[in-house]
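Work through the exercises below with the structure at hand. Try each task before reading its solution.

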Amino acid sequence: MKKTASEEKQVKTTKEKASAKKTVKKAEKTTVTVKRKPTVLFVASEANPFIATGGLADVIGSLPVALAERDKYDVRVIIPLYGTMEEGYKTHLTYLCNFNVPVAWRNQYCGLFSYKKNGVTFYFIDNEYYFKRDTLYGHYDDGERFAFFSRAVLECMQHLDYYPDVMHCHDWQTALSIVYLKTIYSARYGYDHIRAVFTIHNIEYQGKYGRETLEDLFGLPQNVGPLLDYDGCLNLMKGAIQCADYVTTVSRTYAEEIKDPYFSHGLQYVINDNAAKLKGILNGIDVDLYNPEKDKRLFANFSAEDTSGKKVCKAELQKMLNLPVREDVPIIAVISRLVSHKGLDLIKCILEELLSEDIQVVILGKGEPYYEGYFNYVSDTYSGKCKTIIAYNKDLSSKIYSGADIFLMPSKQEPCGLSQMIACRYGTIPVVRRTGGLNDSITPFNDSRENGNGFAFTNYNAHEMLYVIKDAIYTYGNKPVWNKIMHTAMTTDFSWGVSAAQYEKLYDLFI
Ligand code: GLC
């Protein structure tokens, strides 16, 4: 039958509609396939394996990789290019571009380099005047150096045409990136959608400067002053906490603790005011690196299922340190920076009393001369029972983690702490004070006498600690129970995957 003109038109329109629908569907499909991953840029002052002075570098070396493995976010990292960076990496960086960065009324040269590792792009900010020095921190112009770095982070985005969805800054050295973003850059094309997360690794270091530096050094207008103003000076960490969309710390307990003046180093008012956007996420450790089954530094390898190699590690360690080779005697180890907040006063108070027990003590670390001198004295006086090695030594620390039985970590404050987790991996049972990340990673056997991967005490009191150490020594004598604690410790999941999943959830709030 012949169709009327109107019918014909209708058929045409239906066809057109159908084809239009197809095109839309196609377009939708195309959109899906070309949709870019949301991006996160980590901003920090150090990262493993390029340059490290502490736990921060472990986090920045591992967390981005764990996030990238989950494949949801495009993860990148930016750090300064230090003169002391590992040569092996320095010679393999790719040069990207250079530009000028405003540092208040001056313009400073900035080179940008990159290096891709484990699915993560690392960017490096180059300026030899600021970063070609013997040490990373402790210079008279640290404020200016990190103001330059923080501003360079934002400037480089327009040169890379890369504007991350989330800029995740760590510690005071990067705090100004968030302040610059929210006060100067967010009104500019490309920057408006960037959300900022600030992570406090240690609230003790805040970046405090005189008020006169606001315009002259940091290049910020007078009306921004109140954001940074705190307790008679400019406090960069305070500025970041005020401006960030979210603030995190490296354990849940520490997130609560820093609301209290005992822990907050003066920032309790700012923390409490911003409590609604504060979250604690426990760090992980690199479980491939700290793996007793594979660690080449150990005298013998072992696993949670077969710990016979640990006996070899212990005997060899005793031989190496000139301690009597005795399996029945527990070795108590301390591997720590020798500084006061690690709880060394507690150890000093009871060490000689503790040494009256049938035990051996090994101390490895470097730090304040006061503690170095004291531990050397005890080592000389109780040779054959106590050995002190004043050094940072990765090889030796692996040998001690694997050869010891009990790991003592009585920190006064510990935002997260990595050593207690490493000790667990090597079957060395931590005795910790219930604070910060120590509280969140160690389940005390002395609470229930059933489950547990360690022992814990609460008050900053030397004899309370001694009592719990003695409990651990006594429990060590009960092999079936001790083996169970060792198994629990060695199989506790400290992998970065657990933390990465929580950070991902946080970033998801912004996408
Ligand atoms: C700081 C903290 C330490 C934490 C590390 C990594 O060094 O003092 O507790 O483990 O940062 O977040």
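This is a predicted model: local features need pLDDT of at least 70, side-chain atom pairs count only at pLDDT 80 or more; totals for chains, interfaces and linings use all residues.

**Exercise 1.** State which residues line the largest cavity, and sort them by class.

Solution. 
- Step 1: The structure holds one cavity of 30 Å³ or more.
- Step 2: About 40 Å³ of space lies in the largest cavity.
- Step 3: Its lining consists of Ile332, Val334, Ile347, Leu351, Leu354, Val361, Ile363 and Leu408. Two or more of these residues come from each of β13 (331-335), α14 (344-354) and β14 (360-365).
- Step 4: α14 gives the largest share, three residues.
- Step 5: By class, the lining has eight nonpolar, no polar and no charged residues.

**Exercise 2.** Find which element gives the largest share of the lining of the second largest pocket.

Solution. 
- Step 1: This pocket holds about 210 Å³ of space.
- Step 2: The lining residues are Thr307, Lys310, Lys311, Lys314, Glu327, Gly403, Asp405, Tyr476, Lys479, Trp482, Asn483 and Met486. Two or more of them come from each of α13 and α21 (479-491).
- Step 3: The largest share is that of α21, with four residues.
- Step 4: Sorted by class, the lining has six charged, three polar and three nonpolar residues.

**Exercise 3.** Decide whether Met320 counts as buried, partly exposed or exposed.

Solution. 
- Step 1: Met320 belongs to helix α13 (residues 308-320).
- Step 2: Buried means under 20% relative accessible area, and exposed means over 50%.
- Step 3: Met320 has 39% relative accessibility, so Met320 counts as partly exposed.
- Step 4: Together with Phe299 and Val312, Met320 makes a nonpolar surface patch of about 230 Å².

Notes:
Residues are numbered from 1 along each chain as its sequence is written. Side-chain values use heavy atoms; hydrogens and water are left out. Patches are made of residues with over 30% relative accessible area and no salt bridge: like charges are joined within 9 Å, nonpolar side chains (Val, Leu, Ile, Met, Phe, Trp, Tyr) within 5 Å. Accessible areas come from the Shrake-Rupley method with a 1.4 Å probe; for residues, only the protein chains shown count as cover. A salt bridge is a side-chain nitrogen of Lys or Arg within 4 Å of a carboxyl oxygen of Asp or Glu. Buried means under 20% relative accessible area, exposed over 50%, partly exposed in between (1.4 Å probe, protein chains only). On a 1 Å grid over the protein atoms alone, a cavity is a set of points where a 1.4 Å probe fits but cannot get out, and a pocket is an open set with protein on both sides within 12 Å along at least five of seven lines; lining residues have an atom within 4 Å of a point. Grid points are joined across faces, edges and corners, and a volume is the space filled by probe spheres set on the points. Ala, Val, Leu, Ile, Met, Phe, Trp, Tyr, Cys and Pro count as nonpolar, Asp, Glu, Lys and Arg as charged, and the others, Gly among them, as polar.
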